[in-house]
Amino acid sequence: MVKERARILVVGGGYVGMYTALRLQRKLRRELGRGEAEITVVTPDPYMTYQPFLPEAAAGAISPRHVVVPLRRVLDRCHIIIGEATAIDHARRTATVSTLATQEKAAEGRQLAYDELVLAPGSVSRTLPIPGLADHGIGFKTVEEAIGLRNHVLEQMDIASSTRDPALRDAALTFVFVGGGYAGVEALGELEDMARYATRYYHNLRPEDMKWILVEASDRILPEVGAEMGRYTVTELRRRNIDVRLETRLESCADRVAVLSDGSRFPTRTVVWTAGVKPHPILAATDLPLNGRGRLKCTAELAIEGAPHAWAAGDAAAVPDVTAKDTGRECAPNAQHALRQAKVLGDNIAHTLRGEPLETYAHSYAGSVASLGLHKGVAQVYGRRLKGYPAWFMHRTYHLSRVPTFNRKARVAAEWTLAGLFKREIVSLGSLEHPRAEFELAAGGKPSHDPPHSPKGSS
């Protein structure tokens, strides 16, 4: 039993953060009820985003509100603080947190003391110093970016449909995606499918008028599904008139012109950057040990090496893969491991508080599934390869089983069912990004079209 009041601080409200806190709620139910433990979750957003559904949200197959899980509803026995940890001093067991209130008053961050620390801040987009990328690039890691990208693609089609300038039309209908991993391939596949469908409602646009370009620096795409399925994916995309360029890099997108390493130049108003992620910056602002890639060094029990009472999992953690034949291998930073690590992590914290032996995290990689648009996909699961409709169906079934809460499962399943009965929605709500523009104009001011300052950004 817990002898003293234990303060547990969870940094991050993503996969690992939410599932760890949820597991702790269940494991420490009696201790929480008696006031012997408290759980605090620090997260920049009041919701957890189920990222595998972002491509379908961008394509309009799922409503944005069904891609996110409200933390206050799920973690009803935890203290939720909307903010970001800016520094952690584990030697003193304190974390500095910047909240909306401290930002409003330009005050110093709030100090939080803790006994047990869970670091699960996730990752951020890994960008390169490419000219024009910061000005024109669009990310694809948040639900805001996914919906913004959907609005942007439909707006470009509106621009192309309403102009007589052939250069502007060509640039508006050219879409460049950089990165051949899950995010890039699935986003490209879903949005191309949506845009192809939308052309039937434009009197002067045809699917052949659009250029979709996928740029990948390595010699294959979707390495998670294996070389054979990766080659099939390239063939399938090219059949849809998508220009897949392997062993090619984006060298510049200044002045709205995408310049590739093979010498190609494409005037474009859309550059989507999905070329990998890197550890969250908060990891460098701690006194905890990091490996060469900037991730936290962890044991197989998900404890941080040499730091008692500190734990980590997911993208931020370098966890040894005890099921691998090769020594020194680490678990891949993906959702499949993150969900399972969170359960073991929550159990081990409860074991620590009660003086019980810890569990070792062990999970053999089951495989991967990817969607390439409606009724199209690839999969490699337990050595079996699937493609086309069976892979797409497995993709939906697997992720429906993994999305948190029965509420979200039911809503997503209902949306998919209705989508099979009715036509696809092709409405752009780009004005959502500037909600005060109309009122500012009516009030005699000049509407600003600059997006509000946000650390996550917006397209």
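How close do the axes of helix α1 and helix α11 come, and at roughly what angle do they cross? Before the answer, a word on the model: it is predicted, with local features needing pLDDT of at least 70 and side-chain atom pairs counting only at pLDDT 80 or more, while totals for chains, interfaces and linings use all residues. Numbering starts from 1 along each chain as its sequence is written, and side-chain values use heavy atoms, leaving out hydrogens and water.

Now the helices. The axes of α1 (residues 15–27) and α11 (residues 335–354) come within 8 Å and cross at roughly 40 degrees; axes here are lines fitted to C-alpha atoms over the stretch in contact, with angles running from 0 to 180 degrees between N-to-C directions. Contact means heavy atoms within 4.5 Å, and on the α1 side Tyr15, Tyr19 and Leu24 are among the residues making it, with Ala338, Leu345 and Ile349 among those of α11.

Next, the core. The largest nonpolar core has 116 residues, and Phe177 and Trp212 are among those with the most contacts inside it. Such a core is a set of buried Ala, Val, Leu, Ile, Met, Phe, Trp, Tyr and Cys residues joined through side-chain atoms within 4.5 Å, where buried means under 20% relative accessible area with a 1.4 Å probe, protein chains only. Leaving aside neighbours within four places in sequence, Phe177 touches Trp212 itself, and also Leu149 and Val272, among others.

Finally, a sheet: β14, β15 and β16 line up in that order as an open, antiparallel sheet, with strands being DSSP runs (E, at least two residues) that pair if DSSP finds at least two bridges between them. Three bridges join β15 (residues 257–260) to β16, and Val259 has Arg265 as its bridge partner in β16.

Terms used: Buried < 20%, exposed > 50% of the residue type's maximum accessible area, 1.4 Å probe, protein only. Helix = DSSP H or I, 4+ residues; strand = E, 2+ residues; numbered from the N terminus.
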